[in-house]
Amino acid sequence: MEQSEEIYANVDRKSCGQETVNRSIDKQPESQNTEPDSSGKRSSRVAAVCLGLLCVLLAGIIGLYVHYDGVSKSFLAYKTNSSAERDQLQTSYNNLTNERDQLQTSYNTLTKERDQLQTELEILNRRLTNLSWQKFESSWYFLSTKTNTWNESREDCLERGADLVIINSDKEQSLDWSD
């Protein structure tokens with residue numbers, strides 16, 4: 001045999017339940033021991049556990065990166081869309097504000113023109129009243145104090161853009177009217 005001896009020892013009957021335990025002990029000289037000692041096994045176990053934890057940690061970091069990258073892209077898309085929508089809303093608001101201002105200006109202009117026309121109408125009504133023009137319902141009549149023939153009166157009316165009206169009464173009178 002070589003330098004190592006195998007020693008078999010019978011362990012006295014120790015019972016583990018109902019079985020008898022026999023142990024075989026392999027004894028080698030200390031100088032040729034090929035198995036690592038218990039501290040070497042412990043070091044490799046610790047290294048394996050640390051390596052496993054690092055793998056789990058790396059997988060977690062990769063997962064967080066993938067998740068963050070997706071969230072970041074969706075946030076960027078939301079921000080881009082929000083900016084575009086905000087710009088469109090601002091443009092619409094500015095356009096509506098300009099249109100409102102233009103309408104207000106047009107309204108003010110029309111109000112001034114209406115007031116001017118109303119003033120001119122009042123002035124013309126006063127002048128017509130002073131010139132013997134009389135309004136009756138929707139027509140204006142010129143009351144002449146001058147006595148003319150029917151043909152002369154009609155010619156005078158036509159020159160004024162009107163025509164002669166005849167009113168039957170005891171005494172014929174010539175009146176001028178216009179629409």
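Q: Is R86 buried or exposed?
A: R86 is exposed, with a relative accessible area of 52%. The cut-offs are under 20% for buried and over 50% for exposed, with partly exposed in between (1.4 Å probe, protein chains only).

Q: What am I looking at, a predicted model? And how is it numbered?
A: The model is predicted: local features need pLDDT of at least 70 and side-chain atom pairs 80 or more, while totals for chains, interfaces and linings use all residues. Numbering runs from 1 along each chain as its sequence is written, and side-chain values use heavy atoms, without hydrogens or water.

Q: Back to R86. Which residue does its side chain meet in a salt bridge?
A: D87, at 3.6 Å from N to O. The rule asks for a Lys or Arg side-chain nitrogen within 4 Å of an Asp or Glu carboxyl oxygen. D87 is partly exposed, at 41%.

Q: How many salt bridges are there by this rule?
A: The count is 6. One of them links K73 and D69, with the closest N and O atoms 3.3 Å apart.

Q: Where do K73 and D69 lie?
A: Both are in helix 1, 4 residues apart, about one turn of the helix. Helix 1 covers residues 38-130. Helices are DSSP runs of H or I with at least four residues, strands are runs of E with at least two, and numbering starts at the N terminus.

Q: What about R154? Which partner does it have?
A: D163. Their side chains meet in a salt bridge of 3.0 Å, N to O. R154 counts as partly exposed at 32%. D163 does too, at 26%.

Q: New topic. What's the overall layout?
A: There are 2 helices and 8 strands. Along the sequence the pattern reads β-β-β-β-α-β-β-α-β-β.

Q: How do strand 5 and strand 6 run?
A: Antiparallel. Strand 5 (residues 133-136) is joined to strand 6 (residues 139-143) by 4 bridges. At least two DSSP bridges are needed for strands to pair. F136 stands opposite S139.

Q: What's in the turn?
A: Strand 5 and strand 6 form a hairpin, with 2 residues between them. E137 sits in that loop. E137 has a positive phi of about 55°, although it is not a glycine. E137 is also exposed, at 67%.

Q: How many aromatic pairs does a search of the whole structure find?
A: The search finds 1. It is F136 with Y141: 6.5 Å centre to centre and 55° between the planes, so it is classed as tilted. Phe, Tyr and Trp rings (for Trp, the six-membered one) pair with centres within 6.5 Å; planes under 30 degrees apart are stacked, over 60 edge-to-face, the rest tilted.
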